[in-house]
Amino acid sequence: MPADTAAESLARLAAERVDHRFKGLPPDADGLTVGELADQRRNLFTGGFATPVLALSAERLEHNLRLMETYAARHGLAFAPHGKTSMAPQLFQRQIEHGAWGITLAVPHQARVARAFGTRRIFLANELVDAASLRWVSAELDADPDFRFVCYVDSVRGVELMDAALGGSVRPVDVVVELAAGEGARTGVRTEAECAAVADAVARTRTLRLVGVAGYEGEVPKADQERVTAWLRRLVALAAGFDEAGRFEGLDEIVVSAGGSAWFDAVAEVFAEIPGLSRPVLRLLRSGAYVSHDDGHYRKLTPFNRVPEEGALEPAFRLWTQVVSRPSAEQAFVNAGKRDAAYDLDLPFAQVVRRDGAERPATGVSVTGLSDQHAWLSTTPEADLEVGDWVGLGLSHPCTSFDKWQLIPVVAADGTVVDYVRTFF
């Protein structure tokens with residue numbers, strides 16, 4: 001897709017009309033375009049927004065984008081952040097503006113979204129054997145010489161299915177052999193001998209081109225620094241072995257890729273050890289949760305806890321809810337539940353309470369459970385909580401926070417809504 005068309009596609013998001021599809025937005029904004037509403041610079045707390053409403057901190061979002069841009073550059077890594085986290089083309093564009101090589105995705109629908117908004121480089125961190133989707137990829141490659149697409153392969157059968165679907169293609173589809181993280185782990189080839197057999201199968205086709213190796217260290221069984229590092233060195237050794245066998249002849253670069261959000265420090269360390277190969281190496285990191293970070297799972301797991309001198313990510317989400325019932329001194333209910341908040345890893349965390357424009361810590365308030373549309377709050381005697389108060393909740397797991405909201409206000413520290421992020425799940 002030409003750059004001007006990509007810009008036009010992103011601009012069309014601002015022309016979308018606000019209506020009942022988008023929860024949390026001011027009811028009196030119906031009929032305005034997203035751009036017109038953003039231009040009004042309404043305040044999240046006084047501008048008519050309805051609870052529950054998910055807010056993305058403008059300052060923390062920018063901080064996280066800059067931090068990972070700096071980290072990748074410092075360690076000589078190309079960066080293709082995983083777009084499945086947000087599925088927000090506006091954030092894809094900002095990630096690319098902050099130095100990203102491209103965007104990682106997981107399934108064909110996500111790739112179609114990215115292409116609709118002009119993403120020029122897509123790394124599909126998954127096997128792709130669906131014939132219709134492969135034909136779509138082939139058509140995109142044939143129509144746009146600037147489009148780069150790479151995906152996993154992990155079986156001879158998969159290679160055969162891809163080859164059959166791509167019979168009429170002009171440009172080959174670039175593939176990397178996925179090395180499994182271990183026995184009983186997720187997808188990927190289990191042994192080096194099987195990796196060679198898959199690579200041989202690719203070499204027998206006209207429709208595929210082997211460009212490297214990849215995998216996901218987050219699936220290493222009983223993952224710790226030692227086990228993850230050992231697996232990453234296996235991955236590097238696989239790339240070196242393939243190169244020595246002449247499997248990468250004719251390439252401009254060799255792709256070696258790994259990196260979720262929990263072990264990217266180990267990836268940086270091991271990828272720095274990649275020996276000189278016959279061609280330059282694209283050391284491709286794919287961490288995605290950083291863009292919003294969180295207040296739970298990733299706050300505990302982030303590698304920046306191990307390397308604090310490199311900086312720290314900041315949780316950028318807050319779900320604003322309202323107390324609708326206070327049936328006893330020990331219990332309260334707010335109007336957000338499983339439809340609004342991530343809960344697959346941790347329950348939300350009560351952080352702050354707002355009343356009459358003043359904000360204070362949510363002392364003595366904790367979330368103990370979620371119904372579809374309510375959060376159950378436990379309150380101790382020190383909790384000062386009344387019906388009508390706004391309660392700000394921190395969330396755990398960005399991927400299952402973004403997917404519950406189609407249009408997310410981006411909010412400055414003073415409460416001004418400066419933009420809206422559109423998601424496509």
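The following legends describe views of a predicted protein model.

**Figure 1. Overall dimensions of the predicted model.** The C-alpha trace of the protein spans about 70 × 45 × 35 Å along its principal axes. Because a compact globule of 425 residues would have a radius of gyration near 22 Å, the 23 Å of the protein agrees with that expectation. Twelve helices and 18 strands make up the secondary structure.

**Figure 2. The eight-stranded open sheet.** The strands follow the order β2-β9-β8-β7-β6-β5-β4-β3, and their pairing is parallel. At the edges lie β2 (78–79) and β3 (103–105), each of which pairs on one side only.

**Figure 3. Close-up of the pairing between β6 and β7.** Strand β6, comprising residues 173–178, runs parallel to strand β7, comprising residues 208–214. The two strands are joined by six bridges. Within this pairing, Val-177 stands opposite Val-213 of β7.

**Figure 4. Surface and charges of the protein.** The accessible surface comes to about 17,200 Å². Carbon and sulfur atoms account for 50% of this surface.

Notes. Residues numbered from 1 in each chain as written. Predicted model: local features only at pLDDT ≥ 70, side-chain atom pairs only at ≥ 80, totals over all residues. Heavy atoms only, no water. Helix = DSSP H or I, 4+ residues; strand = E, 2+ residues; numbered from the N terminus. Rg over C-alpha atoms; globule rule 2.2 N^0.38 Å. Areas by Shrake-Rupley, 256 points an atom, 1.4 Å probe, with all protein chains shown as cover. Lys, Arg positive; Asp, Glu negative; His and termini not counted. Charge placed at Lys NZ, Arg CZ, Asp CG, Glu CD. Pairing = 2+ DSSP bridges.
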